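Me: I'm new to reading protein models. Could you walk me through one, feature by feature?

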Amino acid sequence: MSNYPKKGTSTFSSLDPGLRRGGRLGFEQRVTLLAVLAGLPAVALCMFLLWYGDYAARTQWTVDLILVLVRLSVVFNLKQRVVRPLQTLSNILGALHEGDYSIRARRASSDDALGEVLLEANELGETLREQRLGALEATALLRTVMSEIEAAVFAFDEKQRLRLVNRAGEKLLAQPSARLLGRTVTELGLAACLDRESEHGQTIQMVFPGGVGRWGVRRSTFREGGLPHQLLVLTDLSQTLREEERIAWQRLLRVLGHELNNSLAPIKSVAGSLGALLAHNEQPPDWRDDMQRGLEVISARADSLARFIESYSKLARLPQPRFELVNLSELVGRVVALETRMPINVVSGPDLVVHGDSAQLEQLLINLVRNAVDASLETGGQVEIGWAQTNGQLEVFVKDEGLGLANTANLFVPFFTTKAEGTGIGLVLSRQIAEAHGGTLTLRNRATERGCQALLRLPDQQPTSKRRAVNLR
């Protein structure tokens, strides 16, 4: 058997008493013995001089007794001064081990080595007290947040038994935590959520005792006590989706109503005028010309409505991109060649390859260049297009020298346009193409110069070998 002491026990107190009686003295006994031995030669010499000197027997016994008593008092005082601070330090460490941080050592100062030890023990207790207080406050804050957030949070142990649930989780399962804790994920009806494989979360349609709808599912793992645990977070997306859907419908109906009114109002006015013209008993000499002009107006507005509906259908029927390797410089060259109203300044970047749909990306850049040219023609400015590779992304920019953007809130609202002949779907279609390629499209006014800048960011997904081959051409 090992003679090492168990964790949390003193080295000397854990020794077998028989061993100590057999020759292995404890710390206190060794201190006492060393103190006695340290003064023994001086006491023996004094007694020798007394007994062999010319002194009376009474004087000899009296002096010997005084020497022994003084020496014993010195020995026991020395023992107390050595052992008592260690006992105090042991009590402080024991209290810290038990979580009591209120005990402090008195007379702790930096004047001597023992005082420094006690001072460090006091500072250790203060540090642990502050850390414990911070941990308690953080735990209380975490519990408050857990109970107040609307997402349902569940924590399962390695056996898939519930160990933690917040208030939203109790509401979702329509039971208090006392009845839920300890039950398996199958008994709780959450196996479909916990067993689904998803790295970045997913949306599922599920029915729970406390709610029905679409739920965002996120899972993660953590370890507690060395054992793996699983964290499940369910977010009710139904209300958020309904609100977003309502806002989208409001915007769409507002734009649709505006466009329909722009066409139906003149049609109704012209139709009323033609009806009044035909109701006269005697027609004026140029009534046929009036009829012809009125019908032309009605036909033009009907064609405008037809183009509007076609634009809407085009926006709704955007196909999925067919990915291929597209040379970026060649793509920009084709787009620039299609614009004949003014020359486009090309700022050449590195020879790069884009992983995307050539036709869709070309249409996106055509829309951006066309808008930039429209803006620059009003002021007589220039248009500049270029590309670069930044932080693992491919960036294509189109800059104009127009009047800039007066209102950026409705730029990507379908059918919203400030142009007399515009359809209001160009930017919306362009952003859909960018997002379908895993990128983004932003428009903003230029910081130091007049005009606007459109910035297309695409992920650099080309293989390293192919990228190298393209750069070496």
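Reply: Start with contacts: two residues are in contact when heavy atoms lie within 4.5 Å. Keep in mind that this is a predicted model. Among contacts in the chain between residues at least 6 apart in sequence, 56% join residues at least 24 apart.

Me: Which parts of this prediction have a pLDDT below 50?

Reply: pLDDT is the predictor's confidence in each residue, from 0 to 100. The chain's average is 76, and 80% of the residues score at least 70. Residues 1-22 fall below 50, and that stretch has 13 contacts in the model beyond near neighbours in sequence. Residues 463-473 also stay under 50, with 11 contacts beyond four places in sequence.

Me: Okay, now the overall build. How many helices and strands does the chain have?

Reply: You'll find 13 helices and 12 strands. Of the 473 residues in the chain, 30% are buried. The chain exposes about 30,500 Å², and carbon and sulfur atoms supply 55% of that.

Me: How do I read a single helix? Say, which residues of helix 10 are buried?

Reply: Here's the general idea: an α-helix has 3.6 residues a turn, so residues three or four places apart point the same way. Now the case here. Helix 10 spans residues 328-338, and its buried residues are L328, L331, V332, V335 and V336. They sit on the same side of helix 10, because they cover an arc of only 130° around the axis. On the other side, A337 and L338 are exposed.

Me: And what do the buried residues of helix 10 pack against?

Reply: Quite a list! Their partners are strand 6 (324-327), strand 7 (345-347), strand 8 (353-356), helix 11 (358-379), strand 9 (383-390) and strand 10 (393-400).

Me: Let's zoom in on one residue of helix 11. Is S376 buried or exposed?

Reply: The cut-off to remember is that buried means under 20% relative accessible area. S376, which is found in helix 11, has 1% relative accessibility, so S376 counts as buried. Leaving out residues up to four places away in sequence, S376 touches M342, G381, Q382, V383, D400, E401 and G402.

Me: Last topic: rings. How many aromatic pairs does a search of the whole structure find?

Reply: The search turns up 1 aromatic pair.

Conventions:
Residues are numbered from 1 along each chain as its sequence is written. This is a predicted model: local features need pLDDT of at least 70, side-chain atom pairs count only at pLDDT 80 or more; totals for chains, interfaces and linings use all residues. Side-chain values use heavy atoms; hydrogens and water are left out. Buried means under 20% relative accessible area, exposed over 50%, partly exposed in between (1.4 Å probe, protein chains only). Helices (H or I, at least four residues) and strands (E, at least two) are DSSP runs, numbered from the N terminus. The arc is that of the directions from the helix axis to the C-beta atoms. Accessible areas come from the Shrake-Rupley method with a 1.4 Å probe; for residues, only the protein chains shown count as cover. Rings of Phe, Tyr and Trp (its six-membered ring) pair if their centres lie within 6.5 Å; planes under 30 degrees apart count as stacked, over 60 as edge-to-face and the rest as tilted.
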